[in-house]
Amino acid sequence: MVVGQRTAGALHEGDVVFLSVHDHGFIHADGFVDNRLGCITNTASTSVLDGCLFRVVPKLAYGAKKALIKAHNVPEVGDEKLAALQQQASIEEAANASTLQRVAANGRAVVYGQPVQLQHVQSGKFLSAAPKTVAQMDKTCMTMVVAAGSTKSHFTFLPRFKAKTMGQVVAFPDSVCLARAKVTSQLVHMSTLVYATDSLLRQEINLYDRATILNLMLYAPRAPTQAGEWRAGAVYRLHHLEAQSMLMLSANCHATKSPYLRPFSPDTATADAHSIKALFVIERPEATKGGPLVPAMDTVCLRHLVSGRYLSIDNSGAVIGGPPNDTSYLRLEPFTRQSRDVDTYAFLEACGVM
């Protein structure tokens, strides 16, 4: 196969996927305040789906990092030895970063039995096992979390049915089991118990000797980010050129205040330039599909990252923020400016029914 060429229907390194539990929902993690894994229902809001996205990446190296951590706990290790280990760990970290960049363009097809890692897109952490820790709810199981990459982040896909064998390509929408690469008898499992303190009422995801059947759903195929490209699922700030202002919306999801423009100079670094109130996510009408957009053709919605509200238009023609409706559908009409060739500019054309 030509390097960079995609095999139709196959899972590739660099692909962003949902891990779907049949008839239940998607595996989800917050990754910031709460590192626990749980299963949310298919009816969850689109803002919650951000925490269900995982990027499939090849097995990364952590040997030097592990050796450095062990050396810090041994008083007899000298400064020269620590400096050498630190240098090795830095080289290893750089190699891992290079690998993650490479798979965006040249990720290979994933086969059953191949060690891989699942990177939580929202937090950048990795699906990880804590085999020496008892699960919070189901005491017969072991803990699963999202955490910084380590050897406990190495997993492998196993075929659920005998029609597929080890070494064959993992395809969409195969039914699979997800096991630790080191100990394949330890498998990702969904408990029947719901977390006691969880606003999303998620069922606990843990590690057990019995597997839960998963289905892989493709969100966005692996692809390098191109300059000036619009992508569904990406976060943007909307800068109004004529007014030299940023479009903002209150972070309070219950607020009734309409979107507003806050003056901002691109040449001056201000707190407003980095305000979370100015962050919007571009979504397709089908929020479970991401990836590059075709400007002037694809219909999109703009969801406020913090409040979860959507830009839409009321009966008077004013722009408001609220639940998604027919007037939330927009189309990006790109244009270029002769004075700048780096930034991306577009008209936002309302194409919904009013």
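The residues that line the largest cavity comprise six nonpolar, two polar and three charged ones. The structure discussed here is a predicted model, and a search through the whole of it finds one cavity of 30 Å³ or more. The volume of the largest cavity comes to about 70 Å³. Two or more of the lining residues come from each of the elements α1 (46-49) and β18 (279-283).

Two packed helices are described by the angle between their axes and the distance between the axes. Helix α2, spanning residues 63-72, packs with helix α3, spanning residues 79-106, at an angle of about 150 degrees, and the two axes lie 8 Å apart. Because angles over 145 degrees count as roughly antiparallel, α2 is roughly antiparallel to α3. The crossing in which α2 passes α3 is left-handed. On the α2 side, the contact involves Gly63, Ala64, Lys65, Ala67, Leu68, Ala71 and His72; these meet Leu82, Leu85, Gln86, Gln88, Ala89 and Glu92 of α3. Seven nonpolar, four polar and two charged residues make up this contact of α2 with α3.

In the loop between β8 (155-159) and β9 (175-180) sits Pro173, and the peptide bond leading from Phe172 to Pro173 is cis, its omega being near -5 degrees. The other feature belongs to Asp23, placed in the loop between β1 (16-21) and β2 (25-29). Although Asp23 is not a glycine, its phi is positive, at about 65 degrees.

Conventions: Residues are numbered from 1 along each chain as its sequence is written. This is a predicted model: local features need pLDDT of at least 70, side-chain atom pairs count only at pLDDT 80 or more; totals for chains, interfaces and linings use all residues. Side-chain values use heavy atoms; hydrogens and water are left out. Axes are lines fitted to C-alpha atoms, for helices over the stretch in contact, and angles run from 0 to 180 degrees between N-to-C directions. Helices (H or I, at least four residues) and strands (E, at least two) are DSSP runs, numbered from the N terminus. Angles under 35 degrees count as roughly parallel, over 145 as roughly antiparallel, 65 to 115 as roughly perpendicular and the rest as oblique. A crossing is left-handed if the near helix is turned anticlockwise from the far one by less than a right angle, and right-handed if clockwise. Contact means heavy atoms within 4.5 Å. Ala, Val, Leu, Ile, Met, Phe, Trp, Tyr, Cys and Pro count as nonpolar, Asp, Glu, Lys and Arg as charged, and the others, Gly among them, as polar. On a 1 Å grid over the protein atoms alone, a cavity is a set of points where a 1.4 Å probe fits but cannot get out, and a pocket is an open set with protein on both sides within 12 Å along at least five of seven lines; lining residues have an atom within 4 Å of a point. Grid points are joined across faces, edges and corners, and a volume is the space filled by probe spheres set on the points.
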